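Hello,

Here is the model we talked about handing over. My notes follow it.

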Amino acid sequence: MSAPPELPDVVRRAFDGSRSKGFAAFCRNETGRLLAALAASRTGTLAEFGTGCGVGTAWLRSGIRPGGRILTAELDPELAGLAAEIFADDDQVDVLAADWSTLRDQGPFSLLFLDAREPKDGGPDAIADLVEPGGVVVLDDFTPCASWPPVFEGRVDVLRERWLTDERFTTVEVMVAPDASVLIATRR
Ligand SMILES: C[S@@+](CC[C@H](N)C(=O)[O-])C[C@H]1O[C@@H](n2cnc3c(N)ncnc32)[C@H](O)[C@@H]1O
């Protein structure tokens, strides 16, 4: 993938925090650049369920417009604390040490990066009401698949199938690298 090698400063700081904790479940740079580009197209409130150490948040922050806001929730208080330090002086980002569901009443969101297992597994039903019309949900960590229905490790990938067929969303699977794809679901 072509991309400048330099990372935004805020992303580098989030990587430093991740490294200090040995946390490696952050989004890859290809996904991060996609998050930044999508964030730049949004206004209002963006959300992330599953902050980790703040790498995805940092990519969103690198793209967000002036006046936009990012709310991100992380269940593990240690990880949330680390991410909160990165954005301590940033009035566009709030990191909550909390279950994702505490953000339910803060929506609807113009972009939702859905990156924690439980809300991800709930599929579109768990999320549809939290996204404004025209808003986008981003789900990463898929393995590209050209067949229909989508198959992963010899089984139909029911979650991916549900997102790609849910009538409340128009959804596309986008390859961000030869071995990685992302779903972008736009709320109708
Ligand atoms: C894949 S990591 C997130 C990576 C991060 N979004 C990034 O791009 O760097 C998933 C995170 O979700 C958190 N998590 C799991 N269940 C959660 C829940 N119910 N509410 C909030 N966060 C949760 C985990 O602790 C973990 O840090």
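How are helix 1 and helix 3 oriented to each other, roughly parallel or roughly antiparallel? They pack at an angle of about 175°, with axes 8 Å apart, and are therefore roughly antiparallel (the word covers angles over 145 degrees). Axes are lines fitted to C-alpha atoms over the stretch in contact, and angles run from 0 to 180 degrees between N-to-C directions. Helices are DSSP runs of H or I, at least four residues; strands are E, at least two.

First, the caveats. This is a predicted model: local features need pLDDT of at least 70, side-chain atom pairs need 80 or more, and totals for chains, interfaces and linings use all residues. Residues are numbered from 1 along each chain, and side-chain values use heavy atoms, without hydrogens or water.

Now the helix pair. Val10, Val11, Ala14, Phe15 and Ser18 of helix 1 meet Val55, Ala58, Trp59 and Ser62 of helix 3 (contact: heavy atoms within 4.5 Å). Seven of the residues in this contact are nonpolar, two are polar and none is charged (Gly counts as polar; Asp, Glu, Lys and Arg as charged).

A ligand nitrogen is 2.7 Å from Gly50, and a ligand nitrogen is 3.0 Å from Trp100.

Best wishes

Technical notes. A polar contact is a pair of N or O atoms within 3.5 Å; within protein, one must be able to donate a hydrogen and the other to accept it, and residues adjacent in sequence count only if both atoms are side-chain atoms. Angles under 35 degrees count as roughly parallel, over 145 as roughly antiparallel, 65 to 115 as roughly perpendicular and the rest as oblique.
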